[in-house]
Amino acid sequence: IFLFMPDRQTGDYAAEGTDVRFAADSPLMETLALDETMIVLDPAQTWHPVAVVERARLMILQANVIVALRGANRLSGFVCIGAPGSQKDR
């Protein structure tokens, strides 16, 4: 699980534990801010078009679900949730 919040210096969305960043003006961020509350990334289904644009970053994160965290007037952040690990991974 990665919690992405806006970086105060750059405005990009960043999370602890990864160097992956998302530009605040990317189509994915705009969609999370305005339209979608949750985007499911099922490998057996066609991905949402804005997720395809960010595919490389989302694959690094092994994201299965993206959940928007909205404030009153803007996107406050978002959460990327990956597949649960096996017992061997713990």
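Thr31 is buried, because its relative accessibility is 10%; buried means under 20% relative accessible area, exposed means over 50%, and partly exposed is in between, with a 1.4 Å probe and protein chains only. Thr31 sits in helix 1, residues 27–34. Helices here are DSSP runs of H or I with at least four residues, strands are runs of E with at least two, and both are numbered from the N terminus. Before I go on, this is a predicted model, in which local features need pLDDT of at least 70 and side-chain atom pairs count only at pLDDT 80 or more, while totals for chains, interfaces and linings use all residues. Residues are numbered from 1 along each chain as its sequence is written, and side-chain values use heavy atoms, with hydrogens and water left out.

What does Thr31 touch, not counting residues up to four places away in sequence? The list is Glu36, His48, Val50 and Arg70, where contact means heavy atoms within 4.5 Å.

Now the helix as a whole.

Two strands pair if DSSP finds at least two bridges between them. In general, strands of a sheet pair through backbone hydrogen bonds, either parallel or antiparallel. Strand 1 and strand 2 are an antiparallel pair with 2 bridges.

Met5 belongs to strand 1, residues 2–6, and its bridge partner in strand 2 is Ala14. Met5 is partly exposed, because its relative accessible area is 37%. Together with Leu3 and Leu69, Met5 makes a nonpolar surface patch of about 240 Å². Patches are made of residues with over 30% relative accessible area and no salt bridge; like charges are joined within 9 Å, and nonpolar side chains (Val, Leu, Ile, Met, Phe, Trp, Tyr) within 5 Å. The areas come from the Shrake-Rupley method with a 1.4 Å probe, and for residues only the protein chains shown count as cover.

On to charges. A salt bridge is a side-chain nitrogen of Lys or Arg within 4 Å of a carboxyl oxygen of Asp or Glu. How many salt bridges does this rule give? The count is 3.

One of them joins Arg21 and Asp7 at 3.0 Å, N to O. Arg21 is in strand 3 (residues 21–22) and Asp7 is in the loop between strand 1 and strand 2 (13–14), so this pair ties together parts that are 14 residues apart in sequence. Arg21 also meets Asp12, at 3.8 Å. Arg21 is partly exposed at 29%, as is Asp7 at 24% and Asp12 at 23%.

Glu54 and Arg57 also form a salt bridge, at 2.6 Å, N to O. Is Glu54 buried or exposed? Glu54 is buried, because its relative accessibility is 6%, whereas Arg57 is partly exposed at 36%. Glu54 is in the loop between helix 2 (49–53) and helix 3 (55–61). Leaving aside neighbours within four places in sequence, Glu54 is in contact with Phe22, Ser26 and Leu28. Phe22 is 32 residues from Glu54 along the chain, and their C-alpha atoms are separated by 8.5 Å.
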